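Hello,

Here is the structure I promised to pass on to you. Have a look at it first, and then read on for my notes on what turned up in it.

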Amino acid sequence: MYEQEIERRRTFAIISHPDAGKTTLTEKMLLFGGAIHVAGAVKSNKIRKTATSDWMEIEKQRGISVATSVMGFDYQDYKINILDTPGHQDFAEDTFRTLTAVDSVIIVVDSAKGVEAQTRKLMQVCRMRKTPVMIFLNKMDREGKNPFDLLDELEKELQIGVCPLSFPIGMGQTFKGVYNIFEKNLNLYQPNKQTISEAISFNDINSPELENHIGNQAKQLRTDIELVQGVYDDFSYDSGVAKYLRGELAPVFFGSALNNFGIKELLDCFVKIAPSPLPVEAVERKIEPTEEGFSGFVFKIHANMDPNHRSCIAFVKICSGKFVRNEPYLHIRLGKQLKFSSPTAFMAQKKETVDEMFAGDIVGLPDTGNFKIGDTLTSGENLHFKGLPSFSPEMFKYIENADPMKSKQLNKGIEQLMGEGVAQLFTHQNNGRKIIGTVGQLQFEVIEYRLLHEYQAQCRWEPISLYKACWLECENTEELENFKRRKFQYMAKDTHDRDVFLAESGYVLQMAQNDFKNIKFHFNSEF
Ligand code: G4P
């Protein structure tokens, strides 16, 4: 019904290790789309990679950063939605969830540093979900690693096939530009932060004409391209794209985001081959984006829009059909119809109220506590979307009430903050104590601060030494019950009432795996 609108949508996230150039690339894409006119605009909204002591600073910036949570703009005939992911690694869980709302991903890698920790981790999530991935090797204007070494490193570290679709001519001081293997043209490098250089069509790199452009580096380029063609499969339209769409092969582009260079190659190829909104699995059935009925799920909640009223924005990924302002939609978990008078679209840097949006788009719904992460909205059908897994936290602490008069407020605060996905809550089956699990120290500070300022509740942290939270899977009920009895002191429930084993150390976990061979210990809640 809305095929044309949906077909032209490209919803994706740019991910990287902090400092590789994600913000710069995002900004340059907006520049290309004509959505902004000067570089620097996104940057000023960026949550800086601050030390934990600067948490107040981050809080201050959160208010502005909502504008850059989703950036929609038109490019050629396409509607592009870039979903921003937090740079700070303590918010990695936020990023994981954002990845559930995108149809593809662009990974930015610093060509001097190669694959870094955060990228490796995020790629694991992409692999799990078979998300199509493109890679941009950034900062070619600086001395970096050899391009072939980089390609090998990507393949090995990210465990994905790669296929260079552009290739650099020199790097750092000798960087001359890129040869676009996909489109067969040459783009000569002119460092410029604000404007875009035009590529020269160049079908035959064996032509002596090449020397006129890049002098004695022509010989090297010819050798490199020959090697590329010998080593990497031809990304001919069918098999290459099909592999990319299955998440098996990542096209690679080289460039310099800061200098606006190599991005057009990336973006033009991206809009051509990246998937339009994909079908989404619900527990009940598979949902096609082009279905008439509206459906969507909440993947992110941005709180603190106004701390006095606990107002937030729930970000809903539209999975099918069309979202219409003031139409009643069924909130599945609450079993009630809700209408939204001011749904928000995110266009470049602005938010604006809109009347309708389509599958692939992200709609922001102002909320005062109706939504939790993972909630589903539909035109009426009873659907539950899958695919919002929790991952084992890295840090754990007992949370205790520091003000006995405010225990109701504390419990309410904890429940709502967990619903927003700030951290994870486990309840000890042995003693009923509450354990908060996070990715980093910063989240504990966020929770403490928000409990105090939004709920007037005071908490106290107590140490608990844990290695991982494991979700259990076992077909043999007797063995599972036996395990739970034996490990009674280490069993907890997550907020969905699932059994979780809290392993004290890697050794304890290994022993448990040895002793209970039929039990699978998962580091995420969806398997
Ligand atoms: P992030 O979002 O992935 O964390 O990275 P961001 O874009 O903020 O880039 C990190 C730093 O790398 C920035 O420098 C940015 O200017 C620089 N950078 C990005 N792309 C390129 C490139 O192609 N070449 C070079 N040489 N540098 C690049 P900064 O000093 O941290 O910030 P700023 O002072 O430049 O704003």
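A word on terms before the residues: a residue is called buried when its relative accessible area is under 20%, exposed when that area is over 50%, and partly exposed in between, using a 1.4 Å probe and protein chains only. The model is a predicted one, in which local features need pLDDT of at least 70 and side-chain atom pairs count only at pLDDT 80 or more, while totals for chains, interfaces and linings use all residues. Residues are numbered from 1 along each chain as its sequence is written, and side-chain values use heavy atoms, with hydrogens and water left out.

Let me start with the whole protein. It has 14 helices and 31 strands; these are DSSP runs numbered from the N terminus, with helices being H or I of at least four residues and strands being E of at least two. Of its 527 residues, 56% are buried. Taking contact to mean heavy atoms within 4.5 Å, 72% of the contacts with a separation of 6 or more join residues 24 or more positions apart. The protein exposes about 22,700 Å², of which carbon and sulfur atoms supply 47%; these areas come from the Shrake-Rupley method with a 1.4 Å probe.

Now to the strands. R9 belongs to strand β1, residues 9–16. Is R9 buried or exposed? R9 counts as buried because its relative accessible area is 5%. Beyond the neighbours within four places in sequence, R9 is in contact with K79, P275, S276, P277, F358, A359 and D361.

N138 is part of strand β5, residues 133–138. N138 is buried too, as its relative accessible area is 3%. Setting aside residues up to four places away in sequence, N138 touches A20, G21, V108, V109, D110, S111, G255, S256 and A257.

Most residues other than glycine have a negative phi. K139, however, has a positive phi of about 65 degrees. K139 sits in the loop between β5 and α6 (147–158) and is buried, with a relative accessible area of 18%. K184 also has a positive phi, near 55 degrees, and its place is the loop between β8 (177–180) and β9 (185–188). K184 is partly exposed, because its relative accessible area is 36%.

Finally, the helix pairs. Axes here are lines fitted to C-alpha atoms, for helices over the stretch in contact, and angles run from 0 to 180 degrees between N-to-C directions. Angles under 35 degrees count as roughly parallel, over 145 as roughly antiparallel, 65 to 115 as roughly perpendicular and the rest as oblique.

Helix α2 (residues 22–32) and helix α10 (residues 263–273) pack at about 75 degrees with their axes 11 Å apart, so α2 and α10 are roughly perpendicular to each other. In this pair, L25, K28, M29 and F32 of α2 meet I263, K264, L266 and L267 of α10.

How do the axes of α11 (residues 407–419) and α12 (residues 441–455) cross, and within what distance do they come? They cross at roughly 120 degrees and come within 10 Å, so α11 and α12 are oblique to each other. From α11, Q409, L410, K412, G413, I414, Q416, L417 and M418 meet I447, R450, L451 and Y455 of α12.

Best wishes
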